[in-house]
Amino acid sequence: MTNNYAEKMKTMGLNFFTLAMVLVLWTLIAYWQKSPFFATPYDIVLGFVQMVTVGDVEGYRLWSHMLHSLVRVSAGFAAACLVGIPGGLLLGLYPKIYDRTRILVEPIRFISPIAWIPMAIVLLVGFSRYIFVIWVASFFPIFVSTLWSVRQVNAVYVNVARVAGASRLFIIRKIIFPSILPSVIGGMRISLGISWMCIVAAEMIGGQMVGIGRLILKSAMVTRMDLVVVGMISIGFVGYATNELIIFIEKRIFRWRAAVSIE
Amino acid sequence: MKKRWLLFTVVLSFVFVMGFQPTVGSAEMKKIHFGYLVADQIHNFASMIIKEKKLFKAEGLEVEWGEYLAGAYVMQHLAAGEVDFATCGVIPTMITRGRGVDVVVIAGSNTEGSSIIVKESIKTVKDLDGAKIGTPGIGSIQDAMVDIVARKHNIKIIHKHMSVPDMPIYLKKGEIDGFIAWSPHNTKAAALGYGHILLTSHDILPGHQCCVLVTRGELIRKEPETVKKVMRAYMKAFQYEMASKKNHDETLEMVVKYTNAPKEVVVKAWALTPHPYPPYLNIESAKFQAEGLLKGGKIKRGVITNMDKFIAQLYHPYFLLDYLRNMK
Amino acid sequence: MERELIDVDMSMKFDNLSVLEDIKFKVHENEFLVIVGPTGCGKTTLARLLGGLSKPSSGHVTIAGEDVNPKIHNVSFVFQEPSCIPWLTIWDDISMGLEIKGNNPQTAETKARIKEVIKLVGLDGFEEYFPKQISGGMKQRVAIARAYATKPDFLLMDEPFGHLDAQTRYLMQIEIMRIWEREKKTVAYITNNIEEAVYLATRIIVLSKLPARIKAEHSINLPRPRDLTGPDFLRIRAEITEQCEVVG
Amino acid sequence: MANDKNAGSGKLGTFGYNALALSIFILLWTIVSWISESLFLPTPWTVLKSFLDLCTYGDVEGISLGMHIFKSTLRIFAGFVAACILGIPLGILMGLYPRVYDSTKSVIEPIRFIPPVAWIPLVIVLLVGFSRYAFIIWLGAFFPIFIGTLLSVRSVNPTHIDVPRSFGAKRLYIIRKIVIPSTLPDIFTGMRVGMGIGWDCIMAAEMIGGENEGLGVMILKYAELIRIEDIMVGMIVIGAIGFFINEIFIFVERRVFKWKEAIVIS
């Protein structure tokens, strides 16, 4: 046990070392650039303090930017789950529907969320636009992973239930659903990561003053690079933290599974 | 046959989603949505003063402010019925009008105020032949002005579209030979020593219309009282800045804060824009610019058959004149 | 008695967990030594030590007086787990050992050897198949063929048939005996199946449960092929079973 | 696969049904846009006309659709190749030495979650010209490839490694013969996913500005002119090209990795 602890401390120390190296490198680059368009780590710390204590030009503080973004992301992500999981289940159970409409569904995957923004602005209104843009981005991982895991449910399990004379609904509820759950949650994790990554794209839809993506875009417009970086780091950190959290929960829930991928 | 029903349901819900159109405007409007551009306060300082001095509240209006990255975004939101009033360029407004959206200019905001900054080796306009010039995008007046310069001097200028705050970096790195931008970005680049001002928009299109106050035509018909109130707040803001040296200095401080530009840059930039701004729309300039849009294919050919009619539909000065009359 | 080839005298610990204690025995040339022990007694650990895949925490495992090292010694290992490489055809898989030992797989000589072992394990005609296309018993034969191909001085088999069903297992035992009788090799065979041990071995070493010590040693001199129901067979089997179970 | 039984006749059937689905969709779209009479919901025929116009006359600046496609594909390709060149060896290396990854995780992981668009201001300052585009695409494509490789190396079946080891094989031989072939399918999947995300990032990359060609640039241009039909052409072209590249990857995957038990598309 002590050995394990020492190992952990060492890893942590090395992580701090890497972080320090990056900071040093950054400072050097900033020094070499000497440009008002590139912020030094010190500027960023000041910017961070400003964002926490005073807020931006309009007085919105960092946490309120984050909160607004989180609400938008959660709504879009929830929409993706609401459509993706039942949709994937349905098309997984009736693979023919998916095979025959693939040409409609698949190309949409490759249209980047930003490309949807002009359409979202003119066709939708208010909050629904954010939901839509985040939905477009995060729908597919969850939908596809549900669909494929349904297709790959071990036939033995299904047959066990079928031999016992189970109804279709019973099989879905008791066999298919539990066995696809791990990959559905895996898909949800990937989705959540992607939807969080789309927050800047979604917040390119104007009209709102608050949101972490808005903070980045706005600060870039007024060349406050320190605030841009503060926004970037905040996004990266929140994304990382939520991902780790879900991995942690996943490991707890699915202890019976051999391994949990961390993709 | 269940499958078919499923398919049917899916298709039906898809139709429902696609067909979803926003419903706009309630009968009693107490709350308005006002849009403005990020870091554009030199051109549209009025909206900033209204905000800081809470002038809408004085008129009994509740306001929700919306901040946008470019005029095109403002227009998209206006067209979607989400923004009620906005300050932005006349060019995006005309492009939108040209698409058949009922957007109306009710007052001018500023004239001129842009300039072309070039690297040191370019001394005269003739040197611009074959030069790469950064412009804020196809739907902007600045882009159109570069075309005007090229046509006037019979030279070829290569356009490079980019975001305005990035222009100084591109110039410094030598990726472009110059750029055209609105204040204070142009002055800022000059102050940083990245280039020098070759032409101001005054040299290119004297007295050209730049930004305007826009609303939706529907509001003029259905909510004249609200439009009147907005106009009053807008004009009061205008006059506040001009009222005294002290007010002017205060406004200057606000601009510094909102645009994050150094004070001396803002002072210089403001000096480059003719002052005070006339609150009217420069009709001749608008016409000229609309012709340019038609020529460039930015408004589809054949949309405007009668230019005077187009401008008459675009510009609705009633509320402005009404205010000015009552003031006297 | 033939020459002593392998000399074992060691202990093995993982952190604070003692797995093997004072394991001391020798393996003679051309002997079929079977090591039996209850499940989870560290048999696989012992096999890996014998094969030079890991090092003992104290003591030594030597082959002809030198620490065992597959880079120097010609040893082969048949694993308990399915060990066919999924992306290699049966032919390529079997030729792997030869290639590592420095034989060019393209020469006629190497090819002849591969053909020979494929024939030996009865896989003729399956040379170009991938593992996913053949049965579990066949996969294990591939592993045996691969181990035999290099003509090892010392062959280690770690519960090679543990994953097979009873019938295939029985057939494979007959097969392995046939092969061993044709190509006499020094074999260390590790199993938890006592019947299998008595059927195959010339000598049996019985391990206790964790931490494993050598519990007993038996020389089996029954004539081959052995009769699974003969009285001597049953007697030895009962004796070893008792030794295993008393401890385990 | 589920429907192998009637693969022969089924394939043509599937294709036919796809065509049918497409035509039903177009029909519905026509009806909806016809009923709504919205300026912003053009009919498929307006979109088709815009497509033809873009092909023949080019956009407002006279740049043809082919040129836009070419430029975007070039950028994607550069970023994608860079992601492969960096991601695969780095993934193998960090998979073989998990220590390295564990000690740099605190820096690498949060970067994964920073959206490509957010990088633009920094990228403009630090890089120049074409490299900016390649970088943004690289950002998107790198992580799926890198993480896919890394995890795959970590999960190589230990018995497969023990086989050559038991014969005394050298480290390099094991990497070449076991580690790489075993991770190859996962690397390939990572590449496919990376390519998909790279396409997703094309809009972000082309927001950089300074270039007038590219599908993303074209969409942004027409967004300024509020010409939804031309925007739709851009979207459909991006979607279709991404789709076909993905299908090619899947096709190759099925051919090359015949030894795999099953290939999961995700």
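## Cavities

About 130 Å³ of space lies in the second largest cavity. A cavity here is a set of points, on a 1 Å grid over the protein atoms alone, where a 1.4 Å probe fits but cannot get out, and lining residues have an atom within 4 Å of a point. Grid points are joined across faces, edges and corners, and the volume is the space filled by probe spheres set on the points. Of the 15 residues that line this second largest cavity, those closest to its centre are Val57(A), Glu58(A), Lys218(A), Val222(A) and Tyr258(B). Helix H10 (residues 212-221) of chain A gives the largest share of the lining, 3 residues. The structure holds 5 cavities of 30 Å³ or more.

## Basis of the model

This is a predicted model, in which local features need pLDDT of at least 70 and side-chain atom pairs count only at pLDDT 80 or more, while totals for chains, interfaces and linings use all residues; side-chain values use heavy atoms, with hydrogens and water left out. Residues are numbered from 1 along each chain as its sequence is written, and chains are lettered from A and ligands numbered from 1 in the order in which they are written.

## Aromatic residues of chain A

Over all chains, the structure holds 32 aromatic pairs. Rings of Phe, Tyr and Trp (its six-membered ring) pair if their centres lie within 6.5 Å; planes under 30 degrees apart count as stacked, over 60 as edge-to-face and the rest as tilted. The pair of Phe139(A) and Phe140(A) is edge-to-face because its planes stand at 75°, with the ring centres 5.1 Å apart. Phe139(A) also forms a stacked pair with Phe143(A), at 5.0 Å centre to centre and 20° between the planes.

Phe139(A) and Phe143(A) both lie in helix H6 (residues 127-151) of chain A, 4 residues apart, about one turn of the helix. Helices are DSSP runs of H or I of at least four residues, and strands are runs of E of at least two, numbered from the N terminus. Phe139(A) is buried at 9% relative accessibility, Phe140(A) is buried at 8%, and Phe143(A) is buried with a relative accessible area of 4%. Buried means under 20% relative accessible area, exposed over 50% and partly exposed in between (1.4 Å probe, protein chains only). One aromatic cluster is formed by Tyr98(A), Trp116(A), Phe132(A), Trp135(A), Phe139(A), Phe140(A) and Phe143(A).

## Charges over rings

The charged end of Arg100(A) sits over the ring of Tyr17(D), 3.5 Å from its centre. Arg132(D) lies over the face of Tyr170(B), at 4.4 Å from the ring centre. For such an arrangement, NZ of Lys or CZ of Arg is within 6 Å of the ring centre and within 35 degrees of the ring normal.

## Cysteines

The search of the whole structure finds 0 disulfides over all chains, a disulfide being a pair of cysteine sulfur atoms within 2.5 Å. Cys88(B) is in no disulfide, and its nearest cysteine sulfur, that of Cys211(B), is 7.0 Å away. Cys88(B) is buried, with a relative accessible area of 0%. The sulfur of Cys211(B) is 3.8 Å from that of Cys210(B), its closest cysteine sulfur, which is too far for a bond.

Terms used: 1 Å grid on protein atoms, 1.4 Å probe; cavity = no way out; pocket = protein on both sides within 12 Å on 5 of 7 lines; lining within 4 Å.
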